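Here is a short tour of a protein model, written to be read with the structure open beside you. Please have a look around first.

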Amino acid sequence: MARVSFSVVAMLLLWWWVTMAKVKVKAEYIKYKDPNQPAAARVGDLLSRMTLEEKIGQMVQIDRSVANVDTMKTYFIGSVLSGGGSAPLPEASAEDWVNMINGFQKGALASRLGIPMIYGIDAVHGHNNVFNATIFPHNVGLGATRDPDLAKRIGAATALEVRATGIPYAFAPCIAVCRDPRWGRCYESYSEDHKIVQAMTEIIPGLQGDIPANSRKGVPYVGGNKKVAACAKHFVGDGGTIKGINENNTVIDRHDLLSIHMPAYSDSIIKGVSTVMISYSSWNGGKMHANHDLVTGFLKDTLKFKGFVISDWEGIDRITSPPHSNYTYSVQASILAGIDMVMVPVNYKEFINDLTYLIKNNVIPMDRIDDAVGRILLVKFTMGLFENPLGDLSLVNELGSQAHRDLAREAVRKSLVLLKNGKNGTNPVLPLPKKVPKILVAGSHADNLGYQCGGWTIAWQGFSGNNYTRGTTILGAIKSTVDSSTEVIYLENPDGEFVKSNNFEYAIVVVGEHPYAETYGDSMNLTMADPGPSVITSVCEAVKCIVIIISGRPVVIEPYVSSIDALVAAWLPGTEGQGITDVLYGEYGFSGKLSRTWFRSVDQLPMNVGDPHYDPLFSFGFGLETESVKELVARSTSAGVFGRPCTLLIVVALILSLRLEFL
């Protein structure tokens, strides 16, 4: 009997242990941590578990300068960013970036629910904050290519370089429609024509990946850990302000706002863009950061955008004048308008305290907070951030890779717009001969990598010189392209008599604007930086000259055009200067077309294609084309000389000699 009782007890104990184990397993199952669950179900489960403090934390984005492990954990911070030029250390490597960001992430993961933060950065023409990254042409140049597939490939390359540093979120693209080149951000715009801007939103699937065929409209999509969340900005009308004044007022009726400035947002949402950033600017006197009608009513409700809406840097502070004069009101107005994540970026405790007060006093309803946090979590779940929160070193070789530099070089040559080729439209000087006794290269922008990259490069306002990242200057590209027997003389600002007395075969003058970003680039005169105009005058009066303009927009050039033999708008080409020499010397032909109207005088501004009394120096869509040397030879052979070898040799020799003599 005792033996039977022992067996029964043993069986009961075994049954109890198995039952408890099953209960424990069941208790440990957490839906939001299950990647097999739909994203919406995971969002709902996680939201139901979150305290008010945890929800508010998700709505906060802070700068890396105030981030640390304890802050991330204690305040449940949802996002960190690098502002323009904000890096772990000078010339930081990809590994330095990964290690810094993983440190912040480990703080977020150590919080009660382990919600990962999302790290964001301005990668607006390549991974432009990072040393040794590939710097692509700014958007104004890409607009001149009229090549959406190129934009998509640039997006994919940028995503790889951003991911190489452990970052999953890029504040790009800017889809502003710049209607006045006096605006300091005009180079961030693809065009004055919304149709070109719409076409170039193809960069979004490049950054994020192509959305699945059955994807619902407005739902964000990021296709794995080689892609990044994108950000369409700045919603809406930032390119239409009075006189192009940055962060100012766009005075326009609703019809024109929706028909000019809104279409690219609709396209971006259809392509699955994850986030939208709000503009500092106002529409008819009302700050966009406080505009419920457009942010919630139109963007979220009409366009069905399901990702999250983020403010600009201290954007909510600027709802009041002066900024930050009534911060509690700014928090109230912006969150009620529909902003989900606030780029605080420093005074996060004040924001948290004010938002907490407004919620607890029923000024901001809880369902608005749940909507904001739900959108943020949806993006994080969709991009796989919960499964792969930490960066690694598997992609470090993508940073500044040769394949990406080759792509940037292609973008440069396709973006160049040939505005003049030969005086009076005759005797073209391009393509140039590589083998001549001696040539002159002049101008402040010929040997300055910082100048040719422009703003938003390494530092917020860009840089000057050749020491802050890796690339090829235009002078360097010329020296590597011409024949080894050709003597290349470089003088930044040569004297006219020196030019006349040296028997140069031709001169290449490279001048333009100095780097700038945002308000620092606002200009009411749009003149080239000195001594650019005087260099053009002294050189072009003495020798055949090819002038290359490095600028973020059209600038005053009409007074000098008559003295110039060939004129090229090169925009802000980035690090790959060989793209310029590729077309100057005939490896490829010129193909770029103006995506902006080139004015005669600033007194005409604003002036856009289709306006009454449209009288530009160079019209929207203008751009001369040339053939490559190979194409010239091929055309000659197809003209009936192929069957006569002697004649063919004569034709080829003639073409080359004519090129040597500028025809």
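The sections below cover the basis of the model, a helix pair, a sheet, a histidine and some backbone details.

## Basis of the model

This is a predicted model, in which local features need pLDDT of at least 70 and side-chain atom pairs count only at pLDDT 80 or more, while totals for chains, interfaces and linings use all residues. Residues are numbered from 1 along each chain as its sequence is written, and side-chain values use heavy atoms, with hydrogens and water left out.

Helices (H or I, at least four residues) and strands (E, at least two) are DSSP runs, numbered from the N terminus.

## Helices 10 and 12

Helix 10 (residues 254-261) packs against helix 12 (residues 292-302) at an angle of about 60°, and their axes lie 14 Å apart. Axes here are lines fitted to C-alpha atoms, for helices over the stretch in contact, and angles run from 0 to 180 degrees between N-to-C directions. The two helices are therefore oblique to each other; angles under 35 degrees count as roughly parallel, over 145 as roughly antiparallel, 65 to 115 as roughly perpendicular and the rest as oblique.

Arg 254, Leu 257 and Leu 258 of helix 10 meet Asp 293, Leu 294 and Phe 298 of helix 12, where contact means heavy atoms within 4.5 Å.

Now to an open sheet of six strands, with mixed pairing and the order 12-17-16-15-13-14. Two strands pair if DSSP finds at least two bridges between them. Strand 12 (417-421) and strand 14 (487-491) stand at the edges with a single partner strand each, so one side of each has no neighbour in the sheet. On average, neighbouring strands are turned by 15° against each other, direction ignored.

Strand 13 (residues 438-442) and strand 15 (residues 507-512) pair in the parallel sense over three bridges. Ala 442 has Val 509 of strand 15 as its bridge partner. Helix 20 (residues 532-540) packs on the sheet and touches strand 13, strand 15 and strand 16 (545-550). The direction of helix 20 makes about 165° with that of strand 15.

## His 194

His 194 belongs to helix 8 (residues 194-200). Leaving aside residues up to four places away in sequence, His 194 touches Val 177, Ser 259, Ile 260 and Pro 263.

## Backbone details

A cis peptide bond links Ala 172 to Pro 173, with omega about 10°; Pro 173 is in the loop between strand 4 (169-170) and helix 8. Another cis peptide bond joins Leu 605 and Pro 606, with omega about -5°.
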